[in-house]
Amino acid sequence: MAENNDKRELGQFIPLHYHYNMLNDAARMQGFKAALDLAVQPGAKVLELGGGTGVLSFFAAQKAAKVWCVERNPELAATAREILKLNPNGEKIEIVEADAFEYLPPEPVDVVICEMIHVAMLREKQIPVMDSFKQRYLEKFGGPLPKFVPEAFIQAVQPVQQSFEFEGYYAPSILFQDPTVIQGKTFDLAPSAVYQMASYQDPLPHTCSWSGTIKIDCSGIVNALRFVTKNILTISLAEQRTVDWFSQYLIVPVAEPLIVETGEVIAVEFAYPAGAPLSALTSTLKVSLAQSADAGLYQEAANPERHARLMT
Ligand SMILES: C[S@@+](CC[C@H](N)C(=O)[O-])C[C@H]1O[C@@H](n2cnc3c(N)ncnc32)[C@H](O)[C@@H]1O
């Protein structure tokens, strides 16, 4: 029982109704559909870790010869089997009710899909699952590793002034934002600063941390930070483009808001294990006005050109 609660708290358990919201998320669906159309070659063997309703396996199955779709939640595994019967090429997909931390396919695969992604790489187990999979896959089959979808991620943090007033009720709480919607209650005080980049082919970071500075370009009150996770779903060298998908933005209130003027520099610090609960981020988050000796550092941390290249 304690173990079950733990798994739920850590974002491993996503109720069925939330999966229908994910199906309804056009940016997510269109991104994965386009990425899998590029990444999966005709006749490919594909593995999906954390298949949910089976939709990403369905996209892959339009070209693949065979897809193993691993889902640990029995209700979801059963639902996916039923839904796939209604869709073309559903018969190519084998739903495997198993733990992605333990399962390996019976033969080498060309592509591995894994979408256990929460913004800031918190809560869900994307990084630990991928880490475990790569190690066990190499032990069983040797190299090379399959192609991964997503291929990489970039994480950034941005100081903002956020209204936490809800019809007269003031509640400085964690908020999630749809990245495709203009947020009228959020005021950007500086460009976001990239704090982490990783490719799933390379050794993955177990910790997400940053200690850096950001130059304010608009006066205001830093009462929150926005965390941004951009997932590079696939990189097409032939077409010289990437297919990207932004996780929902995360707004984290700052314990002691700072009044800032244009040109001032703030220092931001945090460190949390990948897959940890949101409190692991909030409990280590520190925001302060930077000492003048640090001021030069902001150029590396939040160089607007570098940021624009990475985050657009
Ligand atoms: C964010 S959902 C994504 C579902 C689906 N891939 C999609 O894109 O709609 C993550 C899924 O991973 C499953 N999951 C989480 N941990 C797992 C594990 N250790 N083994 C297998 N499945 C797992 C969850 O039950 C959930 O269905």
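A: A polar contact is a pair of N or O atoms within 3.5 Å; within protein, one atom must be able to donate a hydrogen and the other to accept it, and residues adjacent in sequence count only if both atoms are side-chain atoms. The model is predicted, so local features need pLDDT of at least 70 and side-chain atom pairs count only at pLDDT 80 or more, while totals for chains, interfaces and linings use all residues. Residues are numbered from 1 along each chain as its sequence is written, and side-chain values use heavy atoms, with hydrogens and water left out.

Q: What does the side chain of glutamine 126 reach?
A: The side chain of glutamine 126 reaches the backbone oxygen of cysteine 114 at 2.9 Å. A polar atom of the glutamine 126 side chain also lies 2.8 Å from the backbone nitrogen of methionine 116.

Q: Why does glutamine 126 count as buried?
A: Buried means under 20% relative accessible area, exposed means over 50%, and partly exposed lies in between (1.4 Å probe, protein chains only). Glutamine 126 has 1% relative accessibility and therefore counts as buried.

Q: Which residues is glutamine 126 in contact with, leaving aside its neighbours within four places in sequence?
A: Contact means heavy atoms within 4.5 Å. Leaving those neighbours aside, glutamine 126 is in contact with Cys114, Glu115, Met116, Ile117, Met121, Pro150 and Tyr200.

Q: Where does glutamine 126 lie, and what covers the buried residues of that element?
A: Glutamine 126 lies in helix H6. Helices (H or I, at least four residues) and strands (E, at least two) are DSSP runs, numbered from the N terminus. The cover of the buried residues of H6 includes strands E1 (45-49), E4 (111-114), E5 (147-149) and E6 (152-162).

Q: How do you know that the span of helix H6 agrees with expectation?
A: The expected span of a helix is 1.5 Å times one less than its number of residues. For the 16 residues of H6 (residues 126-141) this gives 22 Å, and the end C-alpha atoms are 22 Å apart, which agrees. Just after H6, glycine 142 takes a positive phi of about 75°.

Q: Which residues of helix H5 are buried, and what puts them on the same side?
A: The buried residues of H5 are Leu76, Ala77, Thr79, Ala80 and Leu84. Because they cover an arc of only 165° around the axis, they lie on the same side of H5. That arc is taken from the directions from the helix axis to the C-beta atoms. Helices H2 (16-23) and H4 (55-61) and strands E2 (66-71) and E3 (93-97) are among what covers them.

Q: Why is aspartate 202 called partly exposed?
A: Its relative accessible area is 43%, so aspartate 202 falls in the class of partly exposed residues. Aspartate 202 lies in the loop between strand E11 (193-199) and strand E12 (207-215).

Q: What polar atoms lie around the ligand, and how much of its area does the protein bury?
A: An N or O atom in the side chain of glutamate 48 is 2.7 Å from a nitrogen atom of the ligand. Glutamate 71 has a polar side-chain atom 2.6 Å from a ligand oxygen atom, and a polar backbone atom of arginine 72 is 3.3 Å from a ligand nitrogen atom. Taken alone the ligand exposes 590 Å², and the protein buries 99% of that (accessible areas come from the Shrake-Rupley method with a 1.4 Å probe; for residues, only the protein chains shown count as cover).
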